[in-house]
Amino acid sequence: MTTPLLQVEDLKMHFPVKSRGIFRRVVGQVRAVDGISLHIDSGETLGLVGESGCGKSTAGRSIMRLLSPTDGKVILDGVDITTLSRRQMVPHRRTAQMIFQDPYSALNPRHTVGSIIGAPFIVQKVKPVGGVRKEVQELMARVGLNPEHYNRYPNEFSGGQRQRIGIARALALKPKLIVCDEPVSALDVSIQAQVINLLQDLQQDFGLAYLFVAHDLSVVRQISHRISVMYLGHIMETASRDVLYSAPQHPYTHALMSAVPVPNPQLAGKRERIMLQGDLPSPINPPAGCVFNTRCFKVQDRCRVEVPELIEVAPGHQVACHFPITESLGTTLITGPNPGLTEQPDNAPDSPNAAATNAVFEAGAEPWAQRQS
Amino acid sequence: MSFLEVSNLQVSFPTEDGIVHAVDGVSFSVERGKVLAVVGESGSGKSVTSQAVMGLLNRKATKISGSVVLDGQDLLAMDEKDVRKLRGGKMAMIFQDPLSSLHPFYRISKQLVEAVRVHQNVSKSDARKQAVSMLDQVGIPAPERRIDDYPHQLSGGMRQRVMIAMALLNNPSLLIADEPTTALDVTVQAQIIELIQQIQQVSDAAIIFITHDLGVVAEVAHDVLVMYAGRVVEYAPVETLYGQPQMPYTLGLMASIPRLDRDPDVRLDPIPGNPPSLINLPSGCSFNPRCTFSDQVADGRCSVELPDLLSAGEGHLVRCHLPIEIRKALSAETLAALNGGVL
Ligand SMILES: Nc1ncnc2c1ncn2[C@@H]1O[C@H](COP(=O)(O)OP(=O)(O)OP(=O)(O)O)[C@@H](O)[C@H]1O
Ligand SMILES: Nc1ncnc2c1ncn2[C@@H]1O[C@H](COP(=O)(O)OP(=O)(O)OP(=O)(O)O)[C@@H](O)[C@H]1O
Ligand code: SF4
Ligand code: SF4
Ligand SMILES: [Mg+2]
Ligand SMILES: [Mg+2]
């Protein structure tokens, strides 16, 4: 067995919560990442999805050692980097790079694009053959920027172009892994597709691996080979793309999938939604037992006391749940191409939403309607 | 005449860099009980259109023309202070950011009670009763208790519900929702969409739903208006827009978006280039620098002559020079390609 490019074992990142006042005592911990394990092979994309605040960015930043993990292990290309100092990390930055969601704030507005993309060469004291300028201009061309814009400033570029600048900088030292934190979330759909395709092409050309952090399940499906689903600092389920989207076993994954809107009005009323009850608990005071138990529609007594381990239910498919869902839940999943997609309408647009609304009403619990009648 | 009828709306902003033509000749109508979705990329003029309808634009700093007729009254011809009386009453708005309508320093109870009393002549305790009942209806648990919270004590999804409750307090007959779910997680988004669908069913309001998410549109809309660079480029019943989109920009959007019902092994087919500057719009069809089909139009007309918004089927309007048979063929081809098929 070959060792993976990245191996993360039981990684924890807790932030102290301090009291107000002069003594600022530590009164608790934000358990942002609370024991996650995953691996990424060379050349593959692992998607990391979950809702806001579940710890995706903290996981990415801990793996990149922009944070010092509280516990656990991060092994990058065979080297345990978990406790390396900032200076000791420098050579390993050539192996792994990061790109961020906000192309506006991630770039220094006072530096030219050329010096932004070329910075890693200076920091790492690397002299590319032909010089930094030539190398940077090649990178610019590769990511679809005009190399003649070398001396321009970030504010002269659009959002999509700024994301390309970030990608070019990450590529400069030919890393093996790029951690992408919501790289397309701030972009318009047409530009989003350009950047997704670029990332896929670069992966092909350079054998890159990606940790692709995002909250959009449709985007993650398009780009990932395997996907891990996070909730409140924990991984709930990991599976290959096709298995995760067609036969997930964790109740939370089912709830997420059923909530994704699909641009197909013919499906709109036919899907049953799993509505989660209540709010996301605080990571300062997570529920005992399974962290999802306060909102789970399959919860039983055992879930409130015993933490479910992330266990392998089939090769490459891991689930952290005492009562995984192995039967089909009916219509909540969209397992593939839908024939309705290419059917032409018979131009009878009368209230296409009636079906959708009926389904909602039949599902019960609609306080709005009850009160009005 | 429809309940809301917007005709030839034009909005421009004079700025230091030149005149921004944010909305250029937009017309649409919405009936009570129906949902019109407005889609388009960032900067296409969706929010400015809704601000013009709600009378939220500064009339001195903005050039506005056309008409916005709500229930027989032209809001653009009315006095600003009369329009203000309708806001929060007959017409209401919900936004992406709840804090744009909820004041962070005041308890929710104070804000809701005031909102009721501006438009209704009722006692404070009656107004509070109405507010509690409305919070209950939008799905806030323990509303008698939560009503005395400050906005920051609620989660994002709860704040969104409170803002929706505030908009609904005076039973508006026109409701405009500007990206109401964009900042929310998908599970919360699903709850808010369900709530808006129930409102539409029960209250019989005319709803304008602004979003850039074609998935959300398919869930909520009866009709869809696609905007590009300040103009309407396609307008159709929802089934038609997804079943047979005809304007090359709409086709481009359909081919660009990752979606659960397409084959993920088929590469996305992005629209090339970037949206144009509204100060310096391309001549002819604004989409022509990015359009991959303009070479199929004779005599280079696309870069010279602005196409009209013309009928392309029942209730279906399209702004494009291509002959309709070619548009229909391109449409079928684009949709088939999503799943690797060719025609
Ligand atoms: N430096 C910090 N100090 C204290 N708490 C933090 C810190 N960074 C993150 N957190 C908390 O950790 C939790 C996880 O945050 P994180 O940013 O990793 O979530 P996320 O999944 O990336 O969310 P989003 O989708 O909103 O980006 C949150 O509760 C957040 O408030
Ligand atoms: N007060 C203003 N002064 C000058 N320009 C403005 C003003 N308000 C809006 N604009 C411009 O008008 C255009 C349309 O803006 P609008 O907010 O309607 O876009 P939008 O379609 O809602 O985009 P988004 O999806 O980003 O919300 C933009 O180019 C914007 O910069
Ligand atoms: S362990 Fe229990 S509460 Fe947790 S996801 Fe499984 S069924 Fe639900
Ligand atoms: S008018 Fe021409 S440029 Fe515009 S969408 Fe049609 S074919 Fe394309
Ligand atoms: Mg994040
Ligand atoms: Mg807007």
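How many bridges join β4(B) to strand β5 (residues 73-74) of chain B, and in which sense do the two run? Two bridges join them, and the strands run antiparallel. This is a predicted model, in which local features need pLDDT of at least 70 and side-chain atom pairs count only at pLDDT 80 or more, whereas totals for chains, interfaces and linings use all residues. Residues are numbered from 1 along each chain as its sequence is written, chains are lettered from A and ligands numbered from 1 in the order in which they are written, and side-chain values use heavy atoms, with hydrogens and water left out.

**Strands of chain B**

- Strands here are DSSP runs (E, at least two residues) and helices likewise (H or I, at least four residues), numbered from the N terminus, and two strands pair if DSSP finds at least two bridges between them.
- Strand β1 (residues 4-15) of chain B pairs with strand β4 (residues 63-70) of chain B in the antiparallel sense over seven bridges, and B:Leu4 has B:Leu70 in β4(B) as its bridge partner.
- B:Leu70 is also the bridge partner of B:Gln73 in β5(B), where β4(B) and β5(B) form a hairpin with two residues between them.
- In the turn of this hairpin, B:Asp71 has a positive phi of about 50 degrees.

**The four-stranded sheet of chain A**

- Four strands of chain A make an open sheet in the order β2-β1-β4-β5, with antiparallel pairing, and its edge strands, each paired on one side only, are β2 (26-40) and β5 (79-80).
- Helix α1 (residues 56-63) of chain A packs on this sheet and touches β1, β2 and β4 (71-76) of chain A, where contact means heavy atoms within 4.5 Å.
- The direction of α1 makes about 115 degrees with that of β1(A); axes are lines fitted to C-alpha atoms, for helices over the stretch in contact, and angles run from 0 to 180 degrees between N-to-C directions.
- Strand β1 (residues 6-18) of chain A and β2(A) pair in the antiparallel sense over 11 bridges, and A:Lys12 has A:Asp34 in β2(A) as its bridge partner.

- Three bridges join β11(A) to the antiparallel strand β12 (residues 317-319) of chain A, and A:Glu312 stands opposite A:Gln318 in β12(A).
- The hairpin of β11(A) and β12(A) has two residues between the strands, and A:Gly316 takes a positive phi near 75 degrees there.

**Ligand surroundings**

- Ligand 3 is surrounded by residues of chain A (a heavy atom within 4 Å), including A:His250, A:Cys290, A:Cys296, A:Lys298, A:Cys303, A:Cys321 and A:His322.
- The shell around ligand 3 divides into eight nonpolar, three polar and one charged residue, whereas that around ligand 4 has 10 nonpolar, three polar and no charged residues.
- Ligand 4 is surrounded by 13 residues, of which the closest are B:Cys285, B:Cys291, B:Cys302, B:Cys320 and B:His321.

Definitions and conventions
Ala, Val, Leu, Ile, Met, Phe, Trp, Tyr, Cys and Pro count as nonpolar, Asp, Glu, Lys and Arg as charged, and the others, Gly among them, as polar.
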